[in-house]
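Please read it alongside the sequence and the coordinates.

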Amino acid sequence: MRLTGSFLVFAVTLLARGFSSGACFADDRTGTLDLYFIDVEGGAANLIVTPEGESLLIDSGYPDNQGRDLNRILDVARRIAGLSRIDHALVSHWHLDHYGNHAALAAEIGIGTFWDRGIPDDLQEDPRFHERIAAYRGATQNKSRALRAGEALPLKTGKVPLSCRVLAASRETVTGEGSLNPFASEHEARPEDATDNAASLVLLFSLGEFRYLTCGDLTWNTEAKLVTPRNPAGKVDLFMVTHHGLPVSNNPALVLAVDPVTAIMCNGPKKGGAESTLKTLRRVESLEQWYQLHRNVDLELGLQAPVDQIANQGTTAECHGNWILARVAADGKSYTIQIGNDGLPARYQTRSDH
Ligand SMILES: [Zn+2]
């Protein structure tokens, strides 16, 4: 009986997989750290599933547009990552392309803990901030937790140590850590950015030797404040190009210092992916490959990533929202990056010279 029962479960599982629409990448997980970069047309939505199976969504795209970004996030979370709920949802900063769907996601799939940089009383650049933040406060039942520079997210860790550390929050940065930055003199100060971009949370993930850095929409002077005179991020494997690749961010003092081997840019067809940012990326000594969620439709193709490293080629109207997955091996020693279900995974060795 027991054997028959097991066989039945096995057969039903096979059938379910055979008839499901599209691959469920969760089926192939063996303690990997999965980082999904979901296309939200120039906003940000980065879904992370840890080796222990915990899920963390950083940012949630734009609201409205007939639920476009909400549905794309739900599709990746449920069908591709195989999740039935999201354990942690984080807001990098208070702009609508980053927290547009937190409340809707809480209603649709359920969210365990909400994390942010703290809710300001007002936001000068958004006259509708009070109305918008009310929905977020409602979804979190006023229990979102504010992160400060130097703190860590309490993610479960297995044999290979996993961590997510906050390097900057609300314009404060960790100080006195890391080696002196040899690219510090690349920084040329600009007028102060009074918007919430400059207050973005900066997170450094590690799994064993693997490092992933994401800086939200952090802007020029705060980028310099973070990495000069010392660089607390060290050198990283994977870098999410900051602020969709816009030129008000991606200060070479930071990008050259963190020296990524691979980079993923969450740009839209007409947002980010700027020529000056691409020029800075090309100067990165260790960079082997960068990926774009979109082709910048206004920029010469030759200046952009190779076509097969661009997830979506057309305009927003014709876009199907192809995602990018970076999957880190359980031991943290290598990782692959692929575009969508059918993309060929490219393999990279994790660096040991942090
Ligand atoms: Zn943004």
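Along the chain, the donors of the zinc ion follow the spacing D-H-x118-D-x26-H. Because aspartate 97 belongs to helix H3 (residues 96-99) while histidine 244 sits in the loop between strand E13 (238-241) and helix H7 (252-258), the pair ties together parts that are 147 residues apart in sequence. The model is predicted.

**Zinc site**
- The zinc ion is coordinated at 2.1 Å by Asp97 (OD), His98 (NE2), Asp217 (OD) and His244 (NE2).
- The arrangement around the zinc ion is irregular, because its four donor atoms subtend angles of 84 to 155°.
- Both aspartate 97 and histidine 244 are buried.

**Aromatic pairs and a charge over a ring**
- The count of aromatic pairs comes to nine.
- Tryptophan 94 and tyrosine 136 form an edge-to-face aromatic pair, with 5.1 Å centre to centre and 75° between the planes.
- This pair links distant parts of the chain, 42 residues apart, with tryptophan 94 in the loop between strand E4 (86-90) and H3 and tyrosine 136 in helix H5 (residues 129-140).
- Tryptophan 94 and tyrosine 136 are both buried, and one aromatic cluster is formed by Trp94, Tyr99, Phe114 and Tyr136.
- Arginine 190 lies over the face of tryptophan 220, at 3.4 Å from the ring centre.

**Threonine 280**
- Threonine 280, which lies in helix H8 (residues 275-282), counts as buried because its relative accessibility is 11%, under the 20% cut-off.
- Leaving aside residues up to four places away in sequence, threonine 280 touches Asn250, Pro252, Val255 and Leu256.

Conventions
Residues numbered from 1 in each chain as written. Predicted model: local features only at pLDDT ≥ 70, side-chain atom pairs only at ≥ 80, totals over all residues. Heavy atoms only, no water. Donors = N, O, S within 2.8 Å, 3.2 Å for Na, K, Ca; no water. Tetrahedral: all angles 85-135°; square planar, octahedral: opposite > 155°, others 65-115°. Helix = DSSP H or I, 4+ residues; strand = E, 2+ residues; numbered from the N terminus. Buried < 20%, exposed > 50% of the residue type's maximum accessible area, 1.4 Å probe, protein only. Contact = heavy atoms within 4.5 Å. Phe/Tyr/Trp six-rings, centres within 6.5 Å; stacked < 30°, edge-to-face > 60°. Lys NZ or Arg CZ within 6 Å of the ring centre and 35° of its normal.
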